[in-house]
Amino acid sequence: MPKTNVRVFLRLRPTVHSCESIVPQPDGKSVCIQNRKGAARVTDGAQQDSLLFKFDGVYQNVGQDAIFDESAREVVDSVVSGYNGTIFAYGQTGAGKTLTMSGDPRVFNQRGITPRALHQIFRAAESKPEGSVHVRVSYLEIYNETMYDLLADAPGSSNGLTVTEDANGSVEVRCSKGAVRGLTRRSVASEEQALACFFEGEAARSTAAHYLNAASSRSHCIFTVHVEAEAGVGAAEKVTSSKLHLVDLAGSERLKKTHVTGESLREATAINKSLTFLEQVVNALAKNQPHVTFRQTKLTSVLRDALGGNCRTVLLACCWADDEFLEETLSTLRFAARVRSLTTTATVSEKTDPATVIRRLERQVVELKQELAMKDTLSGKGRVSYSEPSEGDLQELRGKISRFLTGDCGLDALPLDSIKETYRLFKELHVKARTELEKDLATARGSRPVSQGTFLQSPASGSGSANGITSAQSNGVGEVEQNSSRSFPVGEAPTEARPKDAVYLDRSTAGGAASPKAAPLNGTAWRNADPQNGSPESPAARETEAERKNRAFLQYKHEEPEGRAANDRLQELSNKIREARLTVRELGGKVNDAKHEIDALKQTLDARRGAGQGARAPPGADVPEDAVEVLDEEQFKLLQQSKAAKAAYRQSFDQLRALRADLEHMEAEAALCRQTLLDGFGRWFDSQGLSPSSREGPGTGSIEALQRADEGVESETSFMGDHESHAYFAAQKAVGTQRGSPTHKTTRRVL
Ligand SMILES: Nc1ncnc2c1ncn2[C@@H]1O[C@H](COP(=O)(O)OP(=O)(O)OP(=O)(O)O)[C@@H](O)[C@H]1O
């Protein structure tokens with residue numbers, strides 16, 4: 001069995017101070033620790049000038065999407081193919097472990113590895129035959145060496161969870177008290193449901209504030225995705241079962257730096273202790289020691305496979321790139337380097353699960369029955385006929401309907417296999433009867449026949465009254481319009497009926513733009529941009545320095561060649577971005593609609609199948625074993641519609657992805673262009689010596705805000721209008737609260 005090394009990536013949290021000791025190398029895969037004053041003390045006495053640490057990737061100022069793509073995607077993909085995976089974040093407190101694993105729940109683009117992994121797993125499941133992938137999730141918390149089930153009905157209770165190993169050495173978390181129930185594993189049928197479980201667990205995690213992190217994790221948390229997938233067509237009885245552990249470890253703390261006391265101090269001590277055991281296990285494995293003390297702590301027991309067993313493992317080591325934390329960084333780098341030397345042996349775990357096999361066979365039977373029924377139906381043997389009815393058939397049906405309408409026969413006399421034709425004939429009869437009735441009415445009144453959509457007028461109503469209502473009766477509702485040439489009269493509102501506070505727009509100004517006329521403006525004063533016209537009381541006379549700067553900015557970007565060029569390009573980009581966002585919204589809507597349609601069709605189909613089975617096999621009925629399920633026309637149509645909806649979904653989704661990539665490109669270019677414009681303005685403004693506040697510098701908030709408003713492209717980071725963000729936010733909404741959100745309350749276990 002081939003062994004693979006654990007892959008290790010380093011993520012550096014940027015700092016406001018300059019950092020000279022921790023230097024990422026140009027290869028993007030290593031980092032150099034310079035032997036400065038502080039570093040000499042921590043290099044185990046070895047007076048090296050520098051230390052070089054190599055990884056599979058080093059990230060500094062890299063987006064969450066790129067981190068997922070490079071470090072995690074491969075492992076996540078392989079989980080659906082039957083391999084176990086573990087992705088875990090390690091590092092000092094506040095270095096970005098939770099940001100890496102969970103992300104910032106308020107900003108969609110900032111979502112972390114776990115929500116992205118769930119999306120990836122469900123996308124992969126969609127490409128497999130329907131119902132062939134079964135996903136369950138669990139969420140375990142290890143707090144002060146006690147395990148808690150974050151998805152239990154009462155997440156604060158430990159329920160006596162313990163770690164066990166099965167005959168193959170595979171690790172499970174079970175209940176020690178009579179093994180009634182272990183860690184909750186929730187079955188999830190969609191990404192949204194899985195995300196809802198994740199957010200629910202996140203909200204129940206133990207967090208607390210300390211000097212270095214306002215929402216510090218006080219526990220190790222392991223979100224596990226269990227995947228069972230039927231192994232390809234023809235692989236008869238086999239199902240693969242695998243699990244993906246997504247681990248956010250608590251951060252190591254130097255107590256003198258986090259300034260914790262009381263309970264937080266006890267927590268920190270427990271965290272540091274368990275991390276020390278983890279280091280010991282890693283050291284023992286790295287040195288190939290015969291005895292490794294996995295069972296010493298809950299964390300090492302649970303992570304046993306990840307560190308040396310049947311698993312593909314990725315470590316994200318998080319460091320704070322600040323000279324102040326050099327000691328902590330060195331300790332993390334050493335741990336990461338050792339983990340990188342560990343090897344694991346990942347194999348596909350295939351098994352014969354009778355329940356899954358039965359499920360698959362049942363589905364196959366249903367599909368085959370449908371195919372048979374369809375064949376019969378199409379060849380005219382079944383109850384559903386797709387050939388056009390003959391004139392004779394129609395005559396017969398017409399006769400049956402007439403007899404049914406006159407009460408000469410009951411509902412049972414109407415055939416079930418010609419529903420559409422029956423409806424059509426009903427409509428035909430209805431229209432015929434209505435036309436005859438209208439003709440009769442018109443003859444009786446001596447006026448022209450009444451057509452559909454025309455109001456019936458009483459013989460007394462003339463051109464001066466609408467439906468007999470006179471102007472005196474209308475009571476301010478409307479006066480009769482005189483000299484109307486319209487086919488029916490329309491009331492005009494009396495002049496005094498105009499709303500009192502209305503603002504009337506004068507459309508006669510140049511360019512047709514609407515501008516306010518002398519009319520009540522609810523106290524709004526209009527600003528005169530020309531200071532020459534301002535009286536001492538005029539708004540222009542009160543022009544502030546910021547307003548003067550804004551005016552200078554407008555002059556720069558509209559009149560100065562350099563400013564104009566940058567502004568023109570920016571406007572061009574803004575227009576394109578606006579259009580692209582509209583299209584993204586539109587496509588997002590289509591994707592969501594298609595998804596809803598697929599879900600609704602599936603539900604209807606399932607309901608119909610259920611009803612059909614119920615109808616054929618009432619309790620106690622004697623049903624022959626080989627009874628063939630007959631597919632009715634409606635089910636056939638639903639299946640076809642579902643297929644078409646899935647194709648539409650896939651097409652819109654692919655278009656959406658491509659467009660989003662373009663949009664991100666344009667947004668990056670626009671940001672660069674905006675910065676160029678603001679920088680240019682800053683230089684120009686200073687060179688003009690226009691105001692004593694010129695020291696304020698370019699790109700200040702107000703100027704940037706002015707520019708953004710002018711571009712008319714508001715920042716849109718949290719909603720991209722597609723199915724993925726829909727699932728993400730819908731799951732948050734369903735749970736109502738999540739870690740990091742304004743409504744989330746800091747929690748802590750009570751022991
Ligand atoms: N690489 C980064 N870039 C920007 N901000 C970061 C980065 N890493 C962390 N932060 C910010 O620092 C704060 C602390 O991060 P986070 O909670 O992820 O740290 P942690 O390692 O999980 O800490 P703890 O061990 O105490 O739970 C958050 O506000 C986070 O957004």
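Two notes on conventions. Residues are numbered from 1 along each chain as its sequence is written. Because the model is predicted, local features need pLDDT of at least 70 and side-chain atom pairs count only at pLDDT 80 or more, while totals for chains, interfaces and linings use all residues.

I start with the ligand. There are 18 residues around the ligand, and Gly96, Thr98, Ser216, Ser217 and Gly251 come nearest. Near here means that the C-beta atom, placed from the backbone, lies within 6 Å of the molecule or strand in question. Strand E2 (7-13), helix H3 (97-101) and strand E14 (213-217) are the elements that give two or more residues to this shell. E14 has the largest share, 4 residues. Helices (H or I, at least four residues) and strands (E, at least two) are DSSP runs, numbered from the N terminus. By class, the shell has 6 nonpolar, 9 polar and 3 charged residues. In that count Ala, Val, Leu, Ile, Met, Phe, Trp, Tyr, Cys and Pro are nonpolar, Asp, Glu, Lys and Arg are charged, and the others, Gly among them, are polar.

Next, E2 itself. Of its 7 residues, 6 are buried. Buried means 20 or more other C-beta atoms within 10 Å of a residue's own, exposed means 12 or fewer, and partly exposed lies in between, with C-beta atoms placed from the backbone. E2 runs parallel to strand E17 (residues 312-320), joined by 7 bridges, and Arg7 stands opposite Val314 in E17. E2 also runs parallel to strand E6 (residues 57-60), with 4 bridges; there the bridge partner of Leu12 is Gln60. Two strands pair if DSSP finds at least two bridges between them.

There is also an open sheet of 3 strands, in the order E3-E4-E5, with antiparallel pairing. Strand E3 (22-24) and strand E5 (50-54) are at the edges with a single partner strand each, so one side of each has no neighbour in the sheet. The twist averages 25 degrees from one strand to the next. Strand E4 (residues 30-34) pairs with E5 over 5 bridges, and Cys32 has Leu52 in E5 as its bridge partner.

Now the helices. The expected span of a helix is 1.5 Å times one less than its number of residues. For helix H4 (residues 113-126), 14 residues should span 20 Å, and the end C-alpha atoms are 20 Å apart, which agrees. H4 is largely enclosed by the rest of the structure, because 11 of its 14 residues are buried; among them are Ile113, Arg116, His119 and Phe122.

Last, helix H17 (residues 633-688). Its 56 residues should span 82 Å, and the end C-alpha atoms are 79 Å apart, which agrees. Gly689 follows H17 and has a positive phi, near 55 degrees. An unreviewed UniProt entry places the feature "coiled-coil region" at residues 563-604 and 649-676. Over residues 649-676 the chain is 100% helix and 0% strand, with end C-alpha atoms 40 Å apart.

Key: UniProt positions renumbered as here; feature names shortened; annotations may be inferred. Axes fitted to C-alpha atoms, helices over the stretch in contact; angles between N-to-C directions.
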